[in-house]
Amino acid sequence: MIAYTDKSKGLRGLSCFLVEMRTPGVSVTADYDTMMGDRPCEVTFDNVRIPATNLVGSEGDGMALAQQWITEGRILRHGARSLGVAERCLELGISYSRQRQTFGAPLAARQAIQFMIADTYAELQQARLLVRDAALDLERGRDVRLKSWIAKSQATEMGFRAVDRCMQMHGGMGLTTEMPIERMWREQRSFIITEGAAEVMRASISKKVYDLYE
Ligand SMILES: Cc1cc2nc3c(=O)[nH]c(=O)nc-3n(C[C@H](O)[C@H](O)[C@H](O)COP(=O)(O)OP(=O)(O)OC[C@H]3O[C@@H](n4cnc5c(N)ncnc54)[C@H](O)[C@@H]3O)c2cc1C
């Protein structure tokens, strides 16, 4: 849990704590089903007391820790995972379009389908470079916030375009739960919102870019 320990210090007054769910005063007051199967909860804290040893890091570290974890997640989870989704969609799309015949020819012979494959492949290469570049700088201990916003927004949107095209080229089969496509589609759509909505990523990018070109 991240909470204020000194509100007068603003963001530097936030601290991070481990809170056992069985601690008196902690209760789950709502939980929600989502289209991805995740179940986010609303947790209420009512006069909760925890030992000082439950403090993570030092007092005032809360914002820095949260930012570190979410920045890593944007590159190594949402970013990298989107590359895997697009790669799998290429495999599925190429295999199915070679095998499926419509109106006397395989789908792979249709330019409309070839363009979907070409766009997915080209966009995947671009996103892979962004994610790897950000991951390399992260490993080197550099400030990767700008690169993480770019990698997260570009890779997650690329992944969704890839799985959406894959669904389209599979026709009705793509909508069935026989195939993994509809599940990837639901999950990939959620990544454009979680860990920072696409618009919030763009707002952060543009603020930084205005600063860079001052
Ligand atoms: C399954 C699940 C798991 C989650 N896990 C975590 C977690 O572990 N830790 C955590 O901290 N959070 C978690 N979240 C929260 C998640 O990060 C937020 O839902 C997400 O960042 C979007 O914030 P919000 O829902 O408050 O949407 P809002 O901030 O209410 O925004 C709604 C929409 O408005 C638009 N918008 C918002 N701000 C702007 C802006 N400045 N400019 C233009 N458009 C804007 C965007 O389109 C956005 O999607 C989780 C959410 C879900 C659904």
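Me: What covers the buried residues of α4?

Reply: The cover includes α1 and α3. "Covers" goes by contact, that is, heavy atoms within 4.5 Å. This is a predicted model, with local features needing pLDDT of at least 70 and side-chain atom pairs counting only at pLDDT 80 or more, while totals for chains, interfaces and linings use all residues. Side-chain values use heavy atoms, without hydrogens or water, and residues are numbered from 1 along each chain as its sequence is written.

Me: Which residues of α4 are buried, and what makes a residue buried?

Reply: They are Ile-181, Glu-182, Met-184, Glu-187, Gln-188, Ser-190 and Phe-191. Buried means under 20% relative accessible area, exposed means over 50%, and partly exposed is in between (1.4 Å probe, protein chains only). The helix itself comes from DSSP: runs of H or I with at least four residues are helices, runs of E with at least two are strands, and both are numbered from the N terminus.

Me: How do you know how α1 and α4 run relative to each other?

Reply: Check the angle. Helix α1 (residues 62–99) packs on helix α4 (residues 181–191) at about 150°, with the axes 11 Å apart. The axes are lines fitted to C-alpha atoms, for helices over the stretch in contact, and angles run from 0 to 180 degrees between N-to-C directions. Under 35 degrees is roughly parallel, over 145 roughly antiparallel, 65 to 115 roughly perpendicular, and the rest oblique. α1 and α4 are therefore roughly antiparallel.

Me: Which residues make that contact?

Reply: On the α1 side, His-78, Arg-81, Ser-82, Val-85, Arg-88, Cys-89 and Leu-92; on the α4 side, Ile-181, Met-184, Glu-187, Gln-188 and Phe-191. By class that's six nonpolar, three polar and three charged residues. Here Ala, Val, Leu, Ile, Met, Phe, Trp, Tyr, Cys and Pro are nonpolar, Asp, Glu, Lys and Arg are charged, and the others, Gly among them, are polar.

Me: Which hand does the crossing of α1 and α4 have?

Reply: Left. The name applies if the near helix is turned anticlockwise from the far one by less than a right angle; clockwise would be right-handed.

Me: What about α1 and α2: how do they run relative to each other?

Reply: The angle with helix α2 (residues 111–139) is about 155°, and the axes are 9 Å apart. So α1 and α2 are roughly antiparallel as well, and α1 passes α2 in a left-handed crossing. Among the α1 residues that meet α2 are Ile-75, Leu-83, Leu-90 and Ile-94, with Ile-117, Leu-124 and Val-131 among their counterparts in α2. The contact splits into 16 nonpolar, four polar and three charged residues.

Me: Why is Thr-71 called buried?

Reply: Its relative accessible area is 6%, so Thr-71 lands on the buried side. Thr-71 is in α1, and beyond its neighbours within four places in sequence, it is in contact with Val-144, Arg-145 and Ser-148.

Me: And what makes Asn-47, Phe-103 and Lys-207 exposed?

Reply: Asn-47 has 73% relative accessible area and therefore counts as exposed; Asn-47 sits in the loop between β4 (41–45) and β5 (55–56), with a positive phi near 50°. Phe-103 is at 84%, so it is exposed too; its loop lies between β6 (101–102) and β7 (105–106), and its phi is also positive, near 50°. Lys-207, in helix α5 (residues 198–212), has 59% relative accessibility and is exposed.
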